[in-house]
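I opened the notebook to record what I looked up in this structure.

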Amino acid sequence: MSENPPSSVPDPGQDEPPAGPLRVVPVQDKATHQAFLQLPWRLYQNDPNWVPPLLLEQEKIFAADNPFFEHARCERWLALRGETPVGRISAQIDQLHLKEHQDGAGFFGMLEAEDQEQTFQVLFEAAESWLREAGLRRIMGPFNLSINQECGMLVEGFDTRPSMLMGHALPYMPRRTEQNGYIKEQDLIAYMIAADAPPTAIRSLVLRKTAKRISTRTVSGKYFQQELVLVFDIFNDAWAGNWGFVPFTLREIEQLGKDLKPVLNTNFVRIASVDDEPAAFMVILPNINEVIADLNGRLLPFGWLKLWWRMTVRYPKSARMLLMGVRKQYQDSLLGAGLAYRLICDTQEAVLKRGISQVELSWVLEGNSGVRDIIREFGGVAYKRYRIFAKDL
């Protein structure tokens, strides 16, 4: 499939919407699929903080072999004024979510639209009608396409670029969403922390009291898939019962490992044990958004070379803590705090050696006071807020 963004865009000074009647069409052929993927190039053309996603990666989201579709289904719609795309939305039904939460909720996602009330209205109506006809009672989002992928709408922090696998939005989008009857369901916080954050008295005390029982190690590149299964066994235990939690399937774990391995530094993935039993983990990734921002979504003809150079020679100066988990039995205990502190401290050295100066910790549930306290202890500053909206159908 083509990875070329739109060859032409409206004049940057254009404030009026395109002429013609507004209509919504399902995405069901190559033309509407490409228009769906490429719409953000038109909407964000004047936003210096938007990072064009790699179109090849966007294609993977909707590929038939995406393991998400083994337990979920999705429909997509495109809003057109005349023949000009001006909005898009998806709707998803995830059987694993319904099994886990028994809440009758479906999702919306991939939402992008011009700043026109009617455009948002017709897009939401399309998604809501499809979910309602399937017998669902609530709609939540945005999820692109699930909670284990990119999720939440940016509501604070528009003035900085997003980290990898985190979203961006235009400032009017939360207001337009609320105009359609959506209210806050949950907020997700992104923190920024200096990679060289100095030790504090509390951290030193916790580490000293738990030192004899806790050890850490990096993952083995040779046995990467087995290590990944262990990491997600801890993750599924650590996050079970949290708001919105849906366990990763084995196929999703395998696919995630395949997708991330090219940019993964095994020194940034660490497992912590209590009395030699694996009990916690942390995954940090170099911030690929830093190196793709000027590629305009394309790896051809020279994007591959630029990406290789920037990931091997120049290397990103920022990173994202993508995942962290502590087994349930240790949460809210001294050992739990010790596991988190030890993982952060031991990984800190590897991050600094690679020249990384700041790390985003995201996302953290607004109500997760324990983790938020630990982040603040390291000097972390909340700099972006993402919102999950919900509405009864």
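Entry 1, burial. I note that the model is a predicted one. I looked up how much of the protein is buried, and 55% of its 393 residues count as such.

I took the extent of the C-alpha trace along the principal axes and wrote down about 70 × 50 × 35 Å. I then checked the radius of gyration: a compact globule with 393 residues would have one near 21 Å, and the protein has 21 Å, so the two agree.

I listed the secondary structure and found twelve helices and 15 strands. I also looked at contacts between residues at least 6 apart in sequence, and 80% of them join residues at least 24 apart.

I picked helix α7, residues 224–239, and helix α8, residues 250–260. Their axes come within 10 Å and cross at roughly 125 degrees. Because angles between 115 and 145 degrees are neither roughly perpendicular nor roughly antiparallel, α7 counts as oblique to α8. I looked up the handedness as well, and the crossing of α7 and α8 is right-handed.

Which residues of α7 and α8 meet? On the α7 side I noted F224, Q225, L228, V229 and F232. On the α8 side I noted L250, I253, E254, L256 and G257. I sorted the residues of this contact by type and got seven nonpolar, two polar and one charged.

Conventions. Residues are numbered from 1 along each chain as its sequence is written. This is a predicted model: local features need pLDDT of at least 70, side-chain atom pairs count only at pLDDT 80 or more; totals for chains, interfaces and linings use all residues. Side-chain values use heavy atoms; hydrogens and water are left out. Axes are lines fitted to C-alpha atoms, for helices over the stretch in contact, and angles run from 0 to 180 degrees between N-to-C directions. Helices (H or I, at least four residues) and strands (E, at least two) are DSSP runs, numbered from the N terminus. Angles under 35 degrees count as roughly parallel, over 145 as roughly antiparallel, 65 to 115 as roughly perpendicular and the rest as oblique. A crossing is left-handed if the near helix is turned anticlockwise from the far one by less than a right angle, and right-handed if clockwise. Contact means heavy atoms within 4.5 Å. Ala, Val, Leu, Ile, Met, Phe, Trp, Tyr, Cys and Pro count as nonpolar, Asp, Glu, Lys and Arg as charged, and the others, Gly among them, as polar. The radius of gyration is taken over C-alpha atoms; the globule rule is 2.2 Å times the number of residues to the power 0.38. Buried means under 20% relative accessible area, exposed over 50%, partly exposed in between (1.4 Å probe, protein chains only).
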